[in-house]
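This report goes through selected residues and helix pairs of one protein model. The sequence and structure come first, followed by the description.

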Amino acid sequence: MANFSDRLRDGIVRTAAPVVVGLDPRFESLPQNLLGEHRGTHDPKVRAGLYLVFCRDVIDAVCEHVPAVKPQSAFFEELGPAGMIVLAEVIQYAREKGLLVILDAKRNDIGSTATAYAKGMLGASSPWQADCLTISPYLGDDSLTPFVETATANDAGLFCLVKTSNPGGKMLQDLVVDGQPIYRHVGAYVESLAKQTIGACGLGAVGAVVGATYPDQLTELREAMPSTWFLVPGYGSQGGGAKDVAGGFNDVGLGAIVNNSRGIIFAYSREPFASKYEPTQWQRAVEDATLEMIADLQAETSAGKLKG
């Protein structure tokens, strides 16, 4: 199997869409026609079954247009064992549809525990079979080494938190140490890991999470981290737009993949899609929202160079 970085590049170029669709199923937001007689249920097994149907339907709606999906582990873990079984089935279904799977679990630990997380989640031969995993850096470099070693051995990828999209992230990430904010120190270390795992595309298999809600820092980090893929949350429901993420791309339209979760998977509940489609046509709203985002990025960022 090819280096994760090159597979991500290939998927983005094939679709001309630097977009990852976040799979964040929330029971209260599911389409009413999907819920049927289970609208008031609190049974985790029933809810998990509905999540499986919903996520498969979302995948069917977007798989021809984007290179990757990002299941958010928390929404499945919330349902206990039934939810975890469904998470595994969603990952497998996405892979069958030709999508890369970025498992958003933000894991971190030290020594053998970090190794266990990595071996369990990363690569086609692992139990979870994720192509990529989000990780946290705040236990230090020795906590990241087992993830990097396992990812490299399994042709998998990592996205490490650097400058997150939430307002509270600045509490730690913006603290100045030795003349630079902590996010720059973390970014420099991630860049060194990217260089160690670099693919033929010139970008590494270890990437960084950098939020769309901080466009100046996104541009700053792109300049400081030329070998690093950016996973960019914050587009859509969190307020970021295409112009905000433009600084995350390099000159040839690569280097970033932008996440959109609620703005796509629950598009049927907002305008103009709510008026355009009947409730039973919610998948068409999901597809339209995906295409709208792709067009937006192509128009406002260097990703437009990927067209044709």
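Helices (H or I, at least four residues) and strands (E, at least two) are DSSP runs, numbered from the N terminus. The model is predicted, so local features need pLDDT of at least 70 and side-chain atom pairs count only at pLDDT 80 or more, while totals for chains, interfaces and linings use all residues. Residues are numbered from 1 along each chain as its sequence is written, and side-chain values use heavy atoms, with hydrogens and water left out.

**Backbone features**

Ala16 sits in the loop between helix H1 (4-15) and strand S1 (19-23). Although Ala16 is not a glycine, its phi is positive, about 55 degrees. Ala16 is buried, at a relative accessible area of 10%; buried means under 20% relative accessible area, exposed over 50%, and partly exposed in between (1.4 Å probe, protein chains only). Another loop, between helix H12 (262-265) and helix H13 (273-276), holds Pro272. The peptide bond joining Glu271 and Pro272 is cis, with omega at about 5 degrees.

**Lys106**

The unreviewed UniProt entry places the feature "active site" at Lys106. UniProt positions are given in the numbering used here, feature names are shortened, and annotations may be inferred rather than shown by experiment. Lys106 belongs to strand S3 (residues 100-107). Its phi is positive as well, about 45 degrees, although Lys106 is not a glycine. Is Lys106 buried, partly exposed or exposed? Lys106 is partly exposed, because its relative accessible area of 40% falls between the 20% and 50% limits.

The side chains of Lys106 and Asp104 are joined by a polar contact of 2.7 Å. A polar contact is a pair of N or O atoms within 3.5 Å; within protein, one must be able to donate a hydrogen and the other to accept it, and residues adjacent in sequence count only if both atoms are side-chain atoms. With neighbours within four places in sequence left aside, Lys106 is in contact (heavy atoms within 4.5 Å) with Gln72, Thr134, Ile135, Ser136 and Leu161.

**Buried Ser and Thr residues**

| Residue | Location | Relative accessible area |
|---|---|---|
| Ser5 | helix H1 | 0% |
| Thr290 | helix H14 (residues 282-300) | 0% |
| Thr301 | segment after H14 | 10% |

The side chain of Ser5 makes a polar contact of 2.8 Å with the side chain of Trp229. Neighbours within four places in sequence are again left aside for the contacts of these residues. Ser5 touches Cys201, Leu203, Gly204, Ala205 and Trp229. Thr290 is in contact with Val62, His65, Val66 and Ile264. For Thr301, the partners are Ala242, Val245, Ala246 and Phe249. Thr301 and Gly253 are 48 residues apart in sequence, and their C-alpha atoms are 7.3 Å apart in space.

**Helix pairs**

Axes are lines fitted to C-alpha atoms, for helices over the stretch in contact, and angles run from 0 to 180 degrees between N-to-C directions. A crossing is left-handed if the near helix is turned anticlockwise from the far one by less than a right angle, and right-handed if clockwise.

Helix H6 (residues 111-121) packs on helix H7 (residues 141-153) at about 35 degrees, with the axes 8 Å apart. The crossing of H6 with H7 is right-handed. On the H6 side the contact involves Gly111, Ala114, Thr115, Tyr117, Ala118 and Lys119, which meet Ser143, Pro146, Phe147 and Thr150 of H7. These residues divide into five nonpolar, four polar and one charged. In this grouping Ala, Val, Leu, Ile, Met, Phe, Trp, Tyr, Cys and Pro count as nonpolar, Asp, Glu, Lys and Arg as charged, and the others, Gly among them, as polar.

For helix H9 (residues 182-196) and helix H10 (residues 215-224), the axes come within 10 Å and cross at roughly 35 degrees. H9 also passes H10 in a right-handed crossing. Which residues make the contact of H9 and H10? Tyr183, Arg184 and Glu191 come from H9, and Gln217, Glu220, Leu221 and Ala224 from H10. Three nonpolar, one polar and three charged residues make up this contact.
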